[in-house]
Amino acid sequence: MSLERSDDHDHESWMERKDLTPIEGAYLTVLLWLDKRLRIVDYLEVLENLYYKVNLQMPKSHTEQYNLDNKFWYWYPLYALGSFSTIAYVVAAISGALLGFYYSPAAAAGTCSIESASVAYCSLTAIMTDINFGFMLRSIHRWSAQVMTAAVFLHMLRVYFTGSYKEPRELNWILGIVLISLTMVFGYTGYLLTWDQLAYWAGQIGVEMSLSIPLIGEWVAQLIFGGFSLGQATLMRMYILHVFFLPFVVTSLIAVHIGIVWMQGIAEPH
């Protein structure tokens, strides 16, 4: 009998004493190799503790407290609007990323057969006519964006008319207002990326609205539209906002929004 104290971290001898299958042995060998270098197990334990602590704090919903599952079934479709808008956002993001491989944000005159068409518009027509499934891809992106806008609007109406914005959920209500506002900005910036007549005059309206702001109107027009008239700077700003800035901000806020709902529970009608 050895008088030496056993090493609690001697995983190799521990594995030898266990009757492990080849798959289990290979899995544990890889896990131990990674754990020695990256402390995988420690972080998994932290996440496990956090999971149980959060779930212990989750309050029961009104339906669970009073056993009203068979009374409020007609409300359930309205309570799926938040998830529906999130799914539409994911579809729009994926389809938009695929469209970005072929779109060119340039306001200069294009080389396609369409008279006075810009490079941006020519790239859009090429997506719809020359690329396999390009027309379908753009249609998916457009319809998912429209569905998201409608779902977010209806979701806000449901929250308002069921009183779900009241204490302690007022912070998430304010966050929802920010999200629906950013959804409108998403739609506006995407609308201008076609750079056709509709996009041009929509952009001109945006410039005039910016200039109408007291005191800071000219500064806002310079910042957002690149000046008082539309051009390459305007299109590039819309492209950066639509493709780089807004997706990062909106995805982060959606994650926070869903996290708060998860912690507070769903406010159902009384």
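Analyst: Helices α8 and α9 are oblique to each other, because angles under 35 degrees count as roughly parallel, over 145 as roughly antiparallel, 65 to 115 as roughly perpendicular and the rest as oblique. The axes of α8 (residues 170-192) and α9 (residues 197-211) cross at roughly 130° and come within 8 Å. Such axes are lines fitted to C-alpha atoms, for helices over the stretch in contact, with angles running from 0 to 180 degrees between N-to-C directions. The helices themselves are DSSP runs (H or I, at least four residues; strands are E, at least two), numbered from the N terminus.

Please keep in mind that this is a predicted model: local features need pLDDT of at least 70, side-chain atom pairs count only at pLDDT 80 or more, and totals for chains, interfaces and linings use all residues. Residues are numbered from 1 along each chain as its sequence is written, and side-chain values use heavy atoms, with hydrogens and water left out.

Which residues make the contact? From α8 come Tyr-188, Tyr-191 and Leu-192, and from α9 come Leu-198, Ala-199, Ala-202, Gly-203 and Gly-206; contact here means heavy atoms within 4.5 Å. Six of these residues are nonpolar, two are polar and none is charged. In this scheme Ala, Val, Leu, Ile, Met, Phe, Trp, Tyr, Cys and Pro count as nonpolar, Asp, Glu, Lys and Arg as charged, and the others, Gly among them, as polar.

Staying with α9, that helix also holds Ser-210. Ser-210 counts as buried because its relative accessibility is 7% (buried is under 20% relative accessible area, exposed over 50%, partly exposed in between, with a 1.4 Å probe and protein chains only). Leaving aside neighbours within four places in sequence, Ser-210 touches Gly-217, Val-220, Ala-221 and Phe-225.

Now for the rings. Tyr-160, Phe-161, Tyr-165 and Trp-173 are linked into a cluster by ring pairs; rings of Phe, Tyr and Trp (its six-membered ring) pair if their centres lie within 6.5 Å, and planes under 30 degrees apart count as stacked, over 60 as edge-to-face and the rest as tilted.

Finally, here is the wider setting. The protein chain has 11 helices and zero strands. Of its 270 residues, 31% count as buried. Among contacts in the chain with a separation of 6 or more, 62% involve residues 24 or more positions apart.
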